[in-house]
Amino acid sequence: MSPRGFTAFPPGRARRPRTWWGAAWNRAWEADALDAGPLRAGRRLAAAGHVGPITVSPGRLAAAVHDGDTEQAYATRVRVAPLTEDDWDLLAGEVAARAGHQAALLAGQLPRDLADLAGVRLLPALGEITPECDCPEWDHPCRHAAALCHQVSWLLDADPALLLLIRGRDARQLLAAAPAPGGSVPRPESTPPSGSPGQARVAPEPPDAAGTAAVEAYARPTPPLPPPPGPAGAPTLPLLPPGPDVDVDALRHLVAVAAERAAALLRQH
């Protein structure tokens, strides 16, 4: 799981997030603040474009932030407590139970009902955010960390699934960990179809006039479904618009995971 980098925002951007996820992120980290003054100062630094390129890695945000007056740049980091293995298992189970959740994650969205799942809090709670900065200020957070957190809310406006990476994993890992619908079901022994690809399968022999016992009928092997397409038959993605945040390899992997899950669901029926 590689960190993701984002280019610096230009000055003059709106100070408030536009989406529910962006606003919820701000409410979460601002709840840890000891003083409202640095929050307002950080909002002004963010809007003025004083935050450099942002790096998002599991449980960590980082950027160089400089003051508007002195132009002194400070190494600013914000650590976010990662979710536990049990939390990720619960999230994966919820995603696996709903096809709509999988489709949303594949599209780069994050369903709102995952924000506060029973037993799992995706947004950080009190004490789960630790700002770090080499500036001389003692505020918690300082205005530089506040500016970084404000701009992260703008990143979440465009890519709410980025919150998963902030909490320790990305959407691709969550989808890969989600169990197949219905759980793991042993596959019956089967006989591969005869003939070359594209040739019609041989139909089973009809039962005799006396019929066939149910035990014997259900014990007969059934021909398997064709396997999901491999690398040679991987889905072709349309060209995406240029931009610094497009991860084509990750998107291609998510589409392949969805195809495999669909094939697994069909095999069970």
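Predicted model: local features only at pLDDT ≥ 70, side-chain atom pairs only at ≥ 80, totals over all residues.
I then checked where the two sit. Glu85 belongs to helix H3 (residues 85-97), while Arg169 is in the loop between H6 and helix H7 (171-177). They are 84 residues apart, so I noted the pair as a link between distant parts of the chain.

I wanted the accessibility of both ends. Glu85 is exposed, with a relative accessible area of 53%. Arg169 comes out buried, at 17%.

**Other salt bridges**

How many salt bridges does the structure hold? I got 10. One of them joins the side chains of Asp67 and Arg143, at 3.5 Å from N to O. Asp67 is in the loop between E3 and E4 and Arg143 is in helix H5, so this pair ties together parts 76 residues apart in sequence. Asp67 is buried, with 7% relative accessible area, whereas Arg143 is partly exposed at 29%.

I also looked at Arg98, which forms a salt bridge with Glu94. Their closest N and O atoms are 3.2 Å apart. Arg98 counts as partly exposed at 41% relative accessibility, and Glu94 counts as buried at 17%. Back to Asp67 and Arg143: salt bridges with shared partners put them in one network with Glu137.

**Leu155**

Next I picked a residue in helix H5, Leu155. Is Leu155 buried or exposed? Its relative accessibility is 6%, so I logged Leu155 as buried. Then I listed what Leu155 touches, leaving aside neighbours within four places in sequence: Phe6, Phe9, Ile54, Val56 and Leu162.

**Helix H1**

Last stop was H1, residues 20-30. Which residues of H1 are buried? I found Trp21, Gly22, Ala24, Trp25, Asn26, Ala28 and Trp29. I followed what these buried residues pack against, and the list has three helices in it by name: H2 (36-47), H5 (143-158) and H6 (162-166). Strands E3 (60-66), E4 (73-80) and E5 (129-133) are on the list as well. Helix H5 therefore turns up again in my notes, having already given me Leu155 and Arg143.

Key:
Residues numbered from 1 in each chain as written. Heavy atoms only, no water. Buried < 20%, exposed > 50% of the residue type's maximum accessible area, 1.4 Å probe, protein only. Helix = DSSP H or I, 4+ residues; strand = E, 2+ residues; numbered from the N terminus. Contact = heavy atoms within 4.5 Å. Salt bridge = Lys/Arg side-chain N within 4 Å of Asp/Glu carboxyl O.
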